[in-house]
Amino acid sequence: MTVARPTRIADAAIAVIAERGLRGLTHRAVDEAAGLPMGSTSNLARTRSALLEVALVRIAEVESASLVGDALSRPSEESGTPRQLLVDVIADGLDHALTAGRSLTVARIELALEAARRPELRSVYDRLGAGFLEVAVQLLRACGSAEPVADARRLVRWCEGVLFNGTAGAGHANPPCRAELAADADRYLSALLDG
């Protein structure tokens, strides 16, 4: 199956960001990483801001397909209660982001930091993040949360902290395994829902 050129460019931009940081992100570097002729990236994204947005949108696309799609499509009988489903979704999503999806996570963290300095990127980041928040609201509502929006915000903050710690923070050399993530998610949900 042939990957469309815009997707190849976006994936290459993510790989460059994860490997070299934002300082290493150039149109030329992305062309080389994608194995495309020089000028291909600048035809898709003329400016650096446009290239950052392409990468960020692709990260959200990939994360949404694996995490959000999984959360909303899992049959409830597979995990039992809505709460156990949410524990499994959180543990699986975080585990994937810390292992097979680690470079995607590193690139997202780099882009989040850049968004703190670029209002145009901040608005894209926030818009994309709102979709993930809405899924958390739905899942927490199904778990009986009395404050699903506030609890979803708390849960997203906790997940982002786990991801930062396990990829770029003090825990990067020893990120939690899937079993630890499930136990921690269960404890955190108990504090949110039963506290």
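Helices (H or I, at least four residues) are DSSP runs numbered from the N terminus. The model is predicted: local features need pLDDT of at least 70, side-chain atom pairs count only at pLDDT 80 or more, and totals for chains, interfaces and linings use all residues. Residues are numbered from 1 along each chain as its sequence is written, and side-chain values use heavy atoms, with hydrogens and water left out.

The buried set of H10 consists of Leu181, Ala182, Ala185, Leu189 and Leu192. These residues cover an arc of only 95° around the axis, which puts them on the same side of H10. The arc is that of the directions from the helix axis to the C-beta atoms. On the other side of H10, Ala179, Arg187, Ala191 and Asp194 are exposed. The expected span of a helix is 1.5 Å times one less than its number of residues.

Helix H9 (residues 148–167) was examined in the same way. Its 20 residues should span 28 Å at 1.5 Å a residue; the end C-alpha atoms are 28 Å apart, which agrees. Buried in H9 are Pro148, Asp151, Ala152, Leu155, Trp158, Cys159, Val162, Leu163, Gly166 and Thr167. They cover an arc of only 150° around the axis and therefore lie on the same side of H9. These buried residues pack against helix H6 (82–98), H7, H8 and H10.

Proline 175 sits in the loop between H9 and H10. With a relative accessible area of 25%, proline 175 is partly exposed. Leaving aside neighbours within four places in sequence, proline 175 is in contact (heavy atoms within 4.5 Å) with Leu98, Arg102, Gly166 and Glu180. Proline 175 and alanine 50 are 125 residues apart in sequence and 33 Å apart in space, C-alpha to C-alpha. Aspartate 95 and proline 175 are 80 residues apart in sequence, and their C-alpha atoms are 9.0 Å apart in space.

Aspartate 95 itself belongs to helix H6. At 21% relative accessibility, aspartate 95 counts as partly exposed. Not counting residues up to four places away in sequence, aspartate 95 touches Cys177, Arg178 and Leu181.

Two packed helices are described by the angle between their axes and the distance between the axes. Helix H7 (residues 102–115) and helix H8 (residues 119–142) pack at an angle of about 130°, with their axes 8 Å apart. Axes are lines fitted to C-alpha atoms, for helices over the stretch in contact, and angles run from 0 to 180 degrees between N-to-C directions. H7 and H8 are therefore oblique to each other. Angles under 35 degrees count as roughly parallel, over 145 as roughly antiparallel, 65 to 115 as roughly perpendicular and the rest as oblique. H7 contributes Arg108, Leu111, Ala112, Glu114 and Ala115 to the contact, and H8 contributes Leu121, Arg122 and Tyr125. By class, this contact has five nonpolar, no polar and three charged residues. Ala, Val, Leu, Ile, Met, Phe, Trp, Tyr, Cys and Pro count as nonpolar, Asp, Glu, Lys and Arg as charged, and the others, Gly among them, as polar.

The 14 residues of H7 should span 20 Å at 1.5 Å a residue; the end C-alpha atoms are 20 Å apart, which agrees. Leu104, Thr105, Ala107, Arg108, Ile109, Leu111, Glu114 and Ala115 are buried in H7. At 0% relative accessibility, alanine 107 counts as buried. Leaving aside neighbours within four places in sequence, alanine 107 is in contact with Ile14, Ile17, Ala18 and Ile59. The C-alpha atoms of alanine 107 and glycine 21 are separated by 7.7 Å, with the two residues 86 apart along the chain.

Note on methods: Helices (H or I, at least four residues) and strands (E, at least two) are DSSP runs, numbered from the N terminus. Buried means under 20% relative accessible area, exposed over 50%, partly exposed in between (1.4 Å probe, protein chains only).
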